[in-house]
Every structure is written in structure tokens, then in C-alpha cells.
Amino acid sequence: MEPTSQELLADLYGHDQDAHFDTMQLREGLAHQMAPAQLDKFIAAVEGTGDRAVDLETAMSLLNAIR
């Protein structure tokens with residue numbers, strides 16, 4: 001069974017509501033947990049926000065939107 005977006009990001013962020021990750025950190029942290037095409041879409045969505053780093057809530061919203 002494929003992990004949910006909440007599970008993927010909870011592992012990466014460690015449930016730290018104040019953590020912010022840039023696209024390199026997200027790519028490295030999720031590389032072995034997501035299909036490459038889905039990861040590319042997610043990274044593109046993060047880059048589309050214009051922010052250098054995103055928090056857990058933003059990352060969750062973006063990942064849910066591309067699933």
C-alpha cells in the first residue's frame with residue numbers, strides 16, 4: 001500500500017510545524033518514497049509558490065493537489 005501524503009511528509013518534517021524545507025531537501029528526503037514523476041510534479045508545485053522553503057502545511061496542500 002502506498003503511503004499517504006500525510007505519512008510521507010510527517011516522516012520528513014518530523015511533525016515539526018515550524019520546519020521549512022527547500023526543494024533540494026524535499027527532493028532528497030522524498031526520493032526513495034515517491035515515484036520520480038510524482039516527485040517532479042511536487043517540486044514544480046513548490047517552486048511555483050515562489051517561496052525558497054515551504055512549511056509542512058503548504059507542502060501537504062501541494063502534495064494533495066497533485067495526487
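## Helix 3 against helix 4

Let's start where helix 3 and helix 4 meet: their axes sit 9 Å apart, and the angle between them is about 130°. That angle makes helix 3 oblique to helix 4. Keep in mind as you read that this is a predicted model. Look along the pair and you'll find that helix 3 passes helix 4 in a right-handed crossing.

Which residues actually meet here? From helix 3 come Gln-38, Lys-41, Phe-42, Ala-45 and Val-46, and from helix 4 come Ala-59, Leu-62, Leu-63 and Ile-66. Sort the residues of this contact by class and you get seven nonpolar, one polar and one charged.

## Two residues of helix 3

Gln-38 is worth a stop. This residue belongs to helix 3. Is Gln-38 buried or exposed? Gln-38 has a relative accessibility of 15%, and the cut-off for buried is under 20%, so Gln-38 counts as buried. If you skip residues up to four places away in sequence, Gln-38 touches Glu-2, Leu-63, Ile-66 and Arg-67.

Now try Asp-40, which is also part of helix 3 (residues 36–48). Asp-40 has a relative accessible area of 43%, so Asp-40 is partly exposed. For a sense of scale, pick out Glu-57 as well: Asp-40 and Glu-57 are 17 residues apart in sequence, and their C-alpha atoms are 19 Å apart in space.

## The whole chain

Time to zoom out. How many helices and strands does the protein chain have? There are four helices and two strands. Walk along from the N terminus and the elements come in the order α-β-α-α-β-α.

What about overall size? The C-alpha trace spans about 30 × 25 × 20 Å along its principal axes. A compact globule with 67 residues would have a radius of gyration near 11 Å, and the protein chain has 11 Å, so the two agree. Buried residues account for 31% of the 67 residues. Take the contacts with a separation of 6 or more, and 57% of them join residues 24 or more positions apart.

## Helix 1 against helix 4

Helix 4 has another partner. Helix 1 (residues 5–13) packs against helix 4 (residues 56–66) at an angle of about 150°, and the two axes are 10 Å apart. That makes helix 1 roughly antiparallel to helix 4. Their crossing is right-handed.

On the helix 1 side, the contact is made by Ser-5, Gln-6, Leu-8, Leu-9 and Tyr-13; on the helix 4 side, by Leu-56, Ala-59, Met-60, Leu-63 and Asn-64. By class, the residues of this contact of helix 1 with helix 4 are seven nonpolar, three polar and no charged.

## A closer look at helix 1

Which residues of helix 1 are buried? They are Ser-5, Leu-8, Leu-9, Ala-10 and Tyr-13. And what covers them? The cover includes strand 1 (20–22), helix 2, helix 3, strand 2 (53–55) and helix 4.

Glu-7 sits in helix 1 too. With a relative accessibility of 44%, Glu-7 counts as partly exposed. Glu-7 and Met-60 are 53 residues apart in sequence, yet 9.9 Å apart in space, C-alpha to C-alpha. After helix 1 comes Gly-14, and the phi of Gly-14 is positive, near 65°.

## Helix 2 against helix 3

One more pair to go. The axes of helix 2 (residues 23–30) and helix 3 come within 10 Å of each other and cross at roughly 160°. Why do helix 2 and helix 3 count as roughly antiparallel? Angles over 145 degrees fall in that class, and helix 2 and helix 3 are therefore roughly antiparallel to each other. Helix 2 passes helix 3 in a right-handed crossing.

Helix 2 brings Thr-23, Leu-26, Arg-27 and Leu-30 to this contact, while helix 3 brings Leu-39, Asp-40, Phe-42, Ile-43, Val-46 and Glu-47. The residues of the contact of helix 2 with helix 3 split into six nonpolar, one polar and three charged.

Definitions and conventions
Residues are numbered from 1 along each chain as its sequence is written. This is a predicted model: local features need pLDDT of at least 70, side-chain atom pairs count only at pLDDT 80 or more; totals for chains, interfaces and linings use all residues. Side-chain values use heavy atoms; hydrogens and water are left out. Axes are lines fitted to C-alpha atoms, for helices over the stretch in contact, and angles run from 0 to 180 degrees between N-to-C directions. Angles under 35 degrees count as roughly parallel, over 145 as roughly antiparallel, 65 to 115 as roughly perpendicular and the rest as oblique. A crossing is left-handed if the near helix is turned anticlockwise from the far one by less than a right angle, and right-handed if clockwise. Contact means heavy atoms within 4.5 Å. Ala, Val, Leu, Ile, Met, Phe, Trp, Tyr, Cys and Pro count as nonpolar, Asp, Glu, Lys and Arg as charged, and the others, Gly among them, as polar. Buried means under 20% relative accessible area, exposed over 50%, partly exposed in between (1.4 Å probe, protein chains only). The radius of gyration is taken over C-alpha atoms; the globule rule is 2.2 Å times the number of residues to the power 0.38.
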